[in-house]
Amino acid sequence: ETASNVPIRTICCIGAGYVGGPTAAVIALHNPHIRVVVVDRDQGRIDAWKSRHLPIHEPGLEDVVRIARDGAAEVRRRGDSATGEAIDAARQPNLFFSTACIATIKEADMCLISVNTPTKTRGVGAGRATDMAALEGACRDIAMHAKAGCILVEKSTVPCKTGQLIKDIMEAHRPGVVFPVLSNPEFLSEGTAIRDLMQPDRVVIGCESTISGHRAAAALANLYAAWVPRSRIAPIGIWSSELCKLAANAMLAQRISSINSISAICERTDADVGEIAKSIGLDPRIGPQFLKAGLGFGGSCFRKDIASLTYLAESLGLPEVAAYWQQVLTMNDFQRDRFARHVIASLNNSLRGKKIAILGYAFKKNTGDARESPALDVIRILLEEGPKSITIYDPLCSEADIRRELSVLEREYAVSMPDGPVRVVSDPYTACTDSNAVLILADWDMFKNSKPFTSSKPVTMAETYDGATPTDILHLTPNPKRATINKPPTPP
Ligand code: NAD
């Protein structure tokens, strides 16, 4: 049975983060007759989603949210004609943001679970196992308050067999009531979230092989079919679907570690990792994507998903599989460590009395997500050498977010920030003034194209890394204020 006869009028998306917010917005945009309510316990985040200053920065996100959240009349009233012309004049708002989780769950025909699933920090499996507390909490709320038959969709990345855990929670609270559970992993990348959601390579929908499972999957597929070609919507088994997200991230991260391992060999020979990446990328069996040597992967997903995969493999009695994927993480750490030690070596093996500037804190361009930044690992190693200061500039990350991430160093090094050695500043010139070294740690074009750092005299382009952006080490010009760095983008 594949035909859907499950009417979906109201969707509740639990979790208004990097996945929940954009995903709900795009579903609402393309399904104007369905009410989509995004709920979160975080009042500040919900307030921001309701405002003109959204809590996350993604190219194109504002337009999508404005149309779905405010409707055509409001978009026109504000004079936003570029977007207004493209939308149906009769379009009513159908995207809402709220902290009223329970009230929204009660109305919902479908709940998208988009809560955070970080790595456990303490207890059994600490550092590797997935912390399921937020997901369990959301499921308990659904179990206690949802209408019978409400469809539960795992959008969060979860260990394989989480669907069974969800069913167990539902059964414990509402014995005998059917709540179909689907797995619909999200493959968006931060920085290109809207493009990825609008034109996905594939939409994976995993369901159990039961009539209610197939009906629920068809109902979800119908939502996507409003803008995604049916040929890209892949129905698969629920366990395959859960595992395919971990596998996808593990394979992507593995490519980065693979090319980085080659870059280490390049550094000790006269080979150039850029030339190698280009040459091997021309082989269609390998392909050119994700072959850029650099600081390694960061962000909130790759590390935690590989950790989750290794923990899963180990708990299934497969230590060899766990060790295989663990090596991807080891190589990533090695790369950061190597880079930081190059910086130290290029500054005569001492950072005493020296100032370091860091351009780009987030793990890549076009995101303001400060979580799991490679910069943090680099800073940690540099701090061991007692530099006079480390000054950070990022075009999008808020100072508060960077500080929250850095606070772990306050404890580790018993330093007090903001007065202490690590500072966050709001323009690149201030960051670079009087620095002994400028480290470009994210691939923003404004940094990559900023020749001034390399052209004025005296400049020593440090021959420390294999030449790959985004991790060149550039010694600073004597008077950086005279240099013209490309104008930073105005933060949204
Ligand atoms: P996030 O931390 O930005 O957002 C999660 C939100 O859920 C938070 O705002 C939190 O307050 C809220 N929340 C937690 N428990 C709740 C509850 N019981 N009720 C209401 N709200 C609750 O996380 P994210 O980056 O959006 O990631 C969410 C999931 O998607 C994770 O499993 C992640 O692995 C996965 N994922 C993330 C990305 C990405 O690029 N960030 C991409 C694909 C998949």
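**View 1. Gly 298 and the residues it touches in the predicted model.** In this predicted model, Gly 298 is in contact with Phe 363, Glu 372, Ser 373 and Pro 374, once its neighbours within four places in sequence are left aside. Gly 298 sits in the loop between α11 and α12 (302–315). Because a residue counts as buried when 20 or more other C-beta atoms lie within 10 Å of its own, Gly 298, with 25 C-beta neighbours inside 10 Å, is classed as buried.

**View 2. Lys 245 in helix α10.** Lys 245 belongs to helix α10, and, leaving aside its neighbours within four places in sequence, Lys 245 is in contact with Thr 157 and Pro 185. Is Lys 245 buried or exposed? Lys 245 has 25 other C-beta atoms within 10 Å and is therefore buried.

**View 3. Positions that UniProt lists under "binding site".** An unreviewed UniProt entry places this feature at a set of residues that includes Lys 245 and Gly 298, and among the others are Phe 187, Glu 190, Phe 290 and Lys 364. The listed positions span 178 residues in sequence, and their farthest two C-alpha atoms are 23.9 Å apart, so the positions do not all gather at one spot.

**View 4. Where domain 2 touches domain 3.** The domain assignment divides the chain into domain 1 (10–228), domain 2 (247–330) and domain 3 (332–482). The contact between domain 2 and domain 3 takes 22 residues from domain 2 and 19 residues from domain 3. On the side of domain 2 that touches domain 3, two or more residues come from each of α10 (238–267), α11 (273–281) and α13 (319–346), and α10 gives the most, with six residues. Sorted by class, this side of domain 2 has eight nonpolar, ten polar and four charged residues.

**View 5. The largest nonpolar core and another core apart from it.** In soluble globular proteins, nonpolar side chains tend to be buried together. The largest nonpolar core here has 90 residues, of which Cys 111, Leu 152, Leu 182 and Leu 220 touch the most other members. Helix α10 supplies the largest share of this core, eight residues, and the core draws at least three residues from each of domain 1 (10–228) and domain 2 (247–330). Not counting residues up to four places away in sequence, Leu 220 touches Val 153, Leu 182, Asn 184 and Ile 205.

Conventions:
Residues numbered from 1 in each chain as written. Predicted model: local features only at pLDDT ≥ 70, side-chain atom pairs only at ≥ 80, totals over all residues. Domains from an automatic or database assignment. Contact = placed C-beta atoms within 7 Å. Helix = DSSP H or I, 4+ residues; strand = E, 2+ residues; numbered from the N terminus. Nonpolar A, V, L, I, M, F, W, Y, C, P; charged D, E, K, R; others polar. Core = buried A, V, L, I, M, F, W, Y, C linked by C-beta atoms within 7 Å. Buried ≥ 20, exposed ≤ 12 C-beta atoms within 10 Å, placed from the backbone. UniProt positions renumbered as here; feature names shortened; annotations may be inferred.
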